[in-house]
Amino acid sequence: MRLVLLGPPGAGKGTQARMLEKSTGAPQVASGDLLRAAVRNRSALGVEAKRYMDKGALVPDELVLKLIEQRLAQPDAAGGFILDGFPRTVAQAETLGAMLDEARRLEKVIAISVPDEEIVKRISGRRTCKNCGAMYHLIYDPPRNHNLCNNCNGELYQRDDDAEDTVRMRLEVYAAATRPLLDYYGRAGVLSEVDGIGRPEEIQRRILNALGPIAAPASKDKPA
Ligand code: AP5
């Protein structure tokens, strides 16, 4: 399955991508996670990217594209991928199109729609495990032990860019730079829009319905 998940910050792209990864075997490729890993490792790219991320602005294309190109070249992405948070501009979408040869072209783009008021609630309650990356919400999906991950007991933290002002900036950036992708992929005939309000499992069902047969798990025992 070769899929892009589009949507505003906090729409649930990461939550849905992880569920799809489990059911289909296609790896989640999240540009935000790749950038945050570069920031944690204090690489030159990470130091440069952090300046933009902290403000809620987009990281320059050349930095993001380098990370995505390297990630898509990994063996686990050869049979398919779930792009989460990339592309975010028409220029990135055009470069992605050029990066993927005919045999790997995108099959579907799912846009998850959620109103702004709900986004602010979701982002302000989000907590992430420092150790394994598992995600929680203080109200909608709270951890069993305060501030500790259910899976690995790691400490939960709030992302630096989840402060209210930065979230508002991220929403503005989404409207100006990323929403035009709805038209772009609509014209290409690969777009489906999915209502992002409801329990994560309900939204996953809507996404699977929109995906149809391309969401079938990749076979692990292909004939030689
Ligand atoms: P990125 O990490 O991609 O952030 P984002 O797009 O703003 O999306 P989020 O991760 O905030 O939200 P999400 O949609 O994944 O929602 P989630 O599932 O976590 O990007 C961060 C920054 O990196 C950008 O601002 C930019 O600077 C830079 N960047 C990244 N990609 C770039 C690119 N391509 N080009 C340039 N710059 C780039 O859910 C949110 C919360 O809601 C969680 O707590 C979750 O538990 C909860 N939740 C999820 N679903 C539901 C539900 N159905 N009901 C109730 N709660 C729910």
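The model is predicted: local features require pLDDT of at least 70 and side-chain atom pairs pLDDT 80 or more, whereas totals for chains, interfaces and linings use all residues. Numbering runs from 1 along each chain as its sequence is written, and side-chain values use heavy atoms, with hydrogens and water left out.

Glutamine 28 belongs to strand 2 (residues 28–30); strands (E, at least two residues) and helices (H or I, at least four) are DSSP runs numbered from the N terminus. Glutamine 28 counts as buried because its relative accessibility is 14%, where buried means under 20% relative accessible area, exposed over 50% and partly exposed in between (1.4 Å probe, protein chains only). Beyond neighbours within four places in sequence, its contacts include Gly14, Arg18, Arg71 and Asp84, contact meaning heavy atoms within 4.5 Å.

The largest nonpolar core comprises 30 residues, and Leu72, Leu83, Leu96 and Tyr185 have the most contacts inside it. Such a core is a set of buried Ala, Val, Leu, Ile, Met, Phe, Trp, Tyr and Cys residues joined through side-chain atoms within 4.5 Å. Elements that each supply at least two residues of this core include strand 1 (2–6), helix 4 (61–72) and helix 8 (180–187). Helix 4 provides the largest share, 6 residues. Another core, of 20 residues, lies apart from it and has Leu3, Ile112, Ile119 and Ala215 among its members.

The ligand is surrounded by 34 residues, the closest being Thr15, Ala57, Arg88, Arg126 and Arg170; a residue is near the ligand if one of its heavy atoms lies within 4 Å of it.

| Residue | Ligand atom | Distance |
|---|---|---|
| Lysine 13 | oxygen | 2.9 Å |
| Serine 31 | nitrogen | 2.7 Å |
| Arginine 159 | oxygen | 3.0 Å |

Taken alone, the ligand exposes 1000 Å², of which the protein buries 96% (Shrake-Rupley method, 1.4 Å probe). Helix 2 gives the largest share of the shell around the ligand, 4 residues.

Key:
Polar contact = N/O pair within 3.5 Å; in protein donor to acceptor, adjacent residues only side chain to side chain.
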